[in-house]
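These are my notebook entries on one chain fold, written as I looked things up. The sequence and model come first.

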Amino acid sequence: LVGLVRAESDAAARARLLASLRGRGVTVDSADEARMRVLAGSLDDERFGLDARRYAALARATRVVVHGGARVDWLASYAQLRQTNVLGTRNVLALLAAAGNRGALVFVSSIGAYAGGGADERATLDAQQATATSGYSASKCVAERMCVRAAARRRGVRCFVLRPGLVAAHARTGALNRGDFVARYVRGAVQLGAFIDDAAARVEMLPADYVARQLASLAVRLWRGGAPRGTVLTLTNAAASPTYRAIGECAQRLWPARSIALLPYSEWYAQLAQQNEPNNPLAPLLGYFVPQRLTMHWPPLPTPHTDAQLAERAPSVDDQLLQTVLESSL
């Protein structure tokens with residue numbers, strides 16, 4: 001296993017990766033560590049910043065790349081994200097080209113690249129839609145298209161494109177990205193003293209460990225020579241995720257000493273906007289909310305193509321997992 005990590009040296013890259021894994025509750029024993037080779041480098045740079053000799057050696061050894069490196073920022077423009085999210089993907093495809101017919105790819109995209117509107121789960125936003133959605137969605141759309149085109153060429157790369165929805169906490173350890181929407185919403189609502197009361201709108205929560213297992217499973221399939229070229233999979237469990245009301249009720253049960261109200265969306269939004277507190281975790285995302293209508297929700301999406309490709313269906317978010325997500329977010 002070879003990992004690429006931003007650092008000043010290979011030793012520093014290894015130390016950073018191990019610290020990150022252990023900080024998220026991942027046990028790394030001596031046998032696992034012996035299998036890991038960690039290189040200091042950057043997706044942003046041509047050849048990842050490696051010299052010609054080391055890059056050629058990496059290409060010769062490459063069989064499957066799991067490419068999840070990206071700058072995840074809902075507020076940044078496409079121009080700000082292009083270097084890492086688009087040109088970084090181009091650099092990964094260049095490595096696979098150098099690897100020849102041996103190389104294959106699992107590209108981690110985003111459900112933000114889905115065309116929406118009831119389209120087939122594999123449909124991608126067009127350029128106009130992507131630009132209107134967000135810079136992040138636009139960057140993922142462009143990177144997706146690059147991967148699919150590379151797969152479509154004669155003797156092209158074997159490739160899975162995996163589009164996860166909102167990824168929440170690890171079901172067992174509670175590890176999560178505190179900068180993501182779910183964690184920001186929980187902390188921001190607690191600080192505000194009010195959660196949204198809506199019994200229909202859902203907040204998607206894919207357990208991080210489930211998403212990781214799917215990535216590993218797809219990589220193994222590619223290693224064994226399977227997968228059609230350019231297969232797009234959309235990973236979602238929105239239909240089995242909690243409503244805003246369920247999240248608020250769980251917060252009230254978890255923290256009875258706090259003063260937590262459940263408010264209709266328009267009242268909740270007015271209170272958040274009136275507070276105008278720059279330190280509220282939701283402040284940077286205020287532009288995604290509108291005064292009278294709750295737009296930040298995730299409707300169910302039928303995914304028969306994806307379901308046929310994956311051995312494990314996305315789990316429902318039960319009370320225990322929801323409690324884990326809330327506790328980890330705060």
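**Entry 1**

I began with arginine 47, which counts as partly exposed at 36% relative accessibility. On this scale buried means under 20% relative accessible area, exposed over 50%, and partly exposed in between, with a 1.4 Å probe and protein chains only. The model is predicted: local features need pLDDT of at least 70, side-chain atom pairs count only at pLDDT 80 or more, and totals for chains, interfaces and linings use all residues. Residues are numbered from 1 along each chain as its sequence is written, and side-chain values use heavy atoms, with hydrogens and water left out.

Arginine 47 sits in the loop between strand S2 (37-40) and helix H3 (52-61). Helices (H or I, at least four residues) and strands (E, at least two) are DSSP runs, numbered from the N terminus. I noted a positive phi, near 55 degrees, for arginine 47, a residue other than glycine. Most residues other than glycine have a negative phi.

Phenylalanine 48 belongs to the loop between S2 and H3, and its phi is positive at about 60 degrees although it is not a glycine. Is phenylalanine 48 buried or exposed? It is buried, with a relative accessible area of 4%.

I then looked at serine 30, in helix H2 (residues 30-35). Serine 30 is exposed, at 63% relative accessible area. From serine 30 to phenylalanine 48 is 18 residues in sequence and 28 Å in space, C-alpha to C-alpha.

**Entry 2: two helices and their ends**

For helix lengths I used the expected span, 1.5 Å times one less than the number of residues. Helix H1 (residues 10-23) has 14 residues and should span 20 Å; its end C-alpha atoms are 20 Å apart, which agrees. Glycine 25 follows H1 and has a positive phi near 80 degrees.

Helix H4 (residues 78-99) has 22 residues and should span 32 Å, and the 30 Å between its end C-alpha atoms agrees with this. Where is the kink in H4 centred? It is centred on glycine 88 and amounts to about 30 degrees. The bend at a residue is the angle between axes fitted to the seven residues ending there and the seven starting there. Glycine 100 follows H4, with a positive phi near 75 degrees.

**Entry 3: the sheet**

I traced an open sheet of 4 strands, in the order S3-S4-S5-S7, with parallel pairing. Two strands pair if DSSP finds at least two bridges between them. Strand S3 (64-67) and strand S7 (231-235) are the edges; each has a single partner strand, so one side of each lacks a neighbour in the sheet. The twist averages 15 degrees from one strand to the next. Angles run from 0 to 180 degrees between N-to-C directions, and axes are lines fitted to C-alpha atoms, for helices over the stretch in contact.

I went through the pairs in order. S3 and S4 are parallel over 4 bridges, and valine 65 has leucine 105 as its bridge partner in S4. Strand S4 (residues 104-108) joins strand S5 (residues 158-164) through 5 bridges, with leucine 105 opposite cysteine 159 in S5. S5 and S7 pair in the parallel sense over 5 bridges, with valine 161 opposite valine 232 in S7.

Next came the faces. In S3, Val65 and His67 form the covered face, while Val64 and Val66 form the uncovered one. In S7, 5 of the 5 residues are buried, so this strand is largely enclosed by the rest of the structure. Thr231, Leu233 and Leu235 point one way from S7, and Val232 and Thr234 the other way.

H4 lies across S3 and S4, at about 175 degrees to S3. Helix H8 (residues 208-223) packs on the sheet and touches S3, S4, S5 and S7, its direction making about 170 degrees with that of S5. Contact means heavy atoms within 4.5 Å.

**Entry 4: the cores**

The largest nonpolar core has 40 residues, and those with the most contacts inside it include Phe181, Tyr244 and Trp268. Such a core is a set of buried Ala, Val, Leu, Ile, Met, Phe, Trp, Tyr and Cys residues joined through side-chain atoms within 4.5 Å. Among the elements giving two or more residues to this core are helix H7 (181-192) and helix H12 (319-329). H7 gives the largest share, 7 residues.

Leaving out residues up to four places away in sequence, phenylalanine 181 touches Trp74, Leu166, Val203, Tyr244, Leu285, Phe289, Met296 and Trp298. Another core, of 24 residues, lies apart from the largest one and has Tyr55, Leu95, Phe107 and Met146 among its members.
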